[in-house]
Amino acid sequence: MQFELQLLGTNAAFPTLERFPSAQVLSVGNRAYLVDCGEGTIIRIQQFKVAMRRVGQIFISHLHGDHCFGLAGVISSLALGGRKTPMQVFGPAGLKEMIAVQLKITDSHSPFSLEFIEVNTMQHRLIFQDENVEVFSLPLLHRIPCVGYFFRERERPRNMRVDKIQEYQLDVQQILAAKAGQDLILADGQTVANLEITQAPQAPRSYAYCSDTAFLATLPELIQEVDILYHESTFLQADAQRAEETGHSTTVQAATIASVAKAKRLVLGHFSVRYSNMNAFLEEASAIFPNTIMGYDGLIIEA
C-alpha cells in the first residue's frame with residue numbers, strides 16, 4: 001500500500017518563487033491528508049496535481065500565517081470546484097474563528113460541510129483514526145501554541161500463503177479467519193497453526209511532522225523509529241541564538257532529534273530566506289545524522 005509524502009512548501013515565513021511556505025500532503029492507500037496550509041498552497045496543489053478528492057482531513061500546526069493563511073483559499077477553491085464531500089480541519093484554538101471570519105466577510109459559501117476539531121497543543125494523544133492511519137498530536141515548543149502530528153499506519157491483516165490456500169482448499173471464511181490470526185481447523189479435527197498458512201504483513205510505517213519548534217528533548221520518545229521525520233531547520237548552527245529567541249531549530253538540533261529518535265530518514269525544511277548557500281543545511285545535519293534529505297517544493301518521499 002502506498003505511503004508517500006510530498007512537500008508543497010518548504011520555506012519559513014518569507015516565501016520565494018522556488019520555495020512556498022509550509023504545506024505537505026501525506027498519501028496512505030486511497031486516502032490523503034493535507035498538513036499545514038501556508039499562502040499559495042492551492043497553487044502547489046494544482047502545479048503538483050494533488051488529488052484533493054482524496055483529502056478528507058487537514059491538520060494545521062499553529063496560527064502563524066506561513067502555516068495557515070492558505071486555508072481559506074483552499075476551502076474556497078474546493079467550493080468553486082464543486083466539492084461535496086465533508087472536510088475535517090484539525091488545529092489549535094482560534095483556527096475555526098479565523099476561517100469563519102474570512103469566509104463570512106468575503107461572502108464565501110461552502111457546498112461541503114466543514115468540521116473544525118480543536119487540538120490541545122499541550123497533550124500527546126490520539127486525535128484521529130480511519131482504516132489507514134492513526135494520528136497523534138505532538139506538543140511542540142514555539143512562541144505561540146503549536147502542535148506537530150505523528151501519523152502511524154494501522155496494523156494490516158496477515159498475508160495468506162497462496163500455496164497453503166491451494167493445499168488445504170481454503171474457502172473465503174477460512175481465509176478471512178486466518179488473516180485475522182486464527183488457526184485452521186481441518187474437517188478431521190486437525191489444527192494447522194496460523195504461522196504455517198500466513199505471513200506477517202509489512203510493518204506499519206510512520207511519519208512525524210515537527211514544525212515549528214525550538215529544540216525539544218522530550219520529542220524523540222514520542223516518535224521512536226519513525227520512518228520519515230520532517231523537522232524544521234530554520235537556521236544554521238551559527239545562528240543558534242537566533243533560533244532560541246524565535247522558537248525555532250537549527251540543522252544540528254533537527255539532526256540530533258532524528259538521531260535520538262532512531263528515525264529512518266530526516267527531511268529538513270522551513271528554511272529562513274536569509275541564507276543563499278542551501279547546501280550548508282545538508283552538510284551540517286548529515287554530519288550528525290547521515291540519512292538526511294534536503295527538502296524542496298515538489299519532493300516526493302516514499303516509505
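A salt bridge here is a side-chain nitrogen of Lys or Arg within 4 Å of a carboxyl oxygen of Asp or Glu. With that in hand, welcome to a few close-ups of this predicted model.

**View A. Arg31, Asp130 and Glu131 are joined in a salt-bridge network.** Counted by this rule, the model has seven salt bridges. The next three views visit further pairs.

**View B. Arg44 and Asp297 form a salt bridge.** Their closest N and O atoms are 2.8 Å apart. Arg44 belongs to helix α1 (residues 41-47), while Asp297 sits in the loop between β17 (292-294) and β18 (300-302), so the pair links distant parts of the chain, 253 residues apart. Both Arg44 and Asp297 are buried.

**View C. Glu134 pairs with Arg152 in a salt bridge.** Here the closest N and O atoms are 3.0 Å apart. Glu134 is in strand β8 (residues 133-139) and Arg152 in strand β9 (residues 147-153), so the bridge ties together parts 18 residues apart in sequence. Glu134, at 18% relative accessibility, counts as buried, whereas Arg152, at 34%, counts as partly exposed.

**View D. Glu153 forms a salt bridge with Arg205.** The closest N and O atoms are 2.8 Å apart. Both partners count as buried, Glu153 at 3% relative accessibility and Arg205 at 6%.

**View E. Helix α4 (residues 95-105) has Leu95, Ile99 and Leu103 buried.** Down the axis of α4, the buried residues fall within an arc of 50°, so they line one face of the helix. Their cover includes α3 (71-80), β5 (87-91) and β6 (114-118). The face turned away from the buried side carries exposed Glu97, Lys104 and Ile105. Just after α4, Asp107 adopts a positive phi of about 55°.

Note on methods. Residues numbered from 1 in each chain as written. Predicted model: local features only at pLDDT ≥ 70, side-chain atom pairs only at ≥ 80, totals over all residues. Heavy atoms only, no water. Buried < 20%, exposed > 50% of the residue type's maximum accessible area, 1.4 Å probe, protein only. Helix = DSSP H or I, 4+ residues; strand = E, 2+ residues; numbered from the N terminus. Arc of directions from axis to C-beta. Contact = heavy atoms within 4.5 Å.
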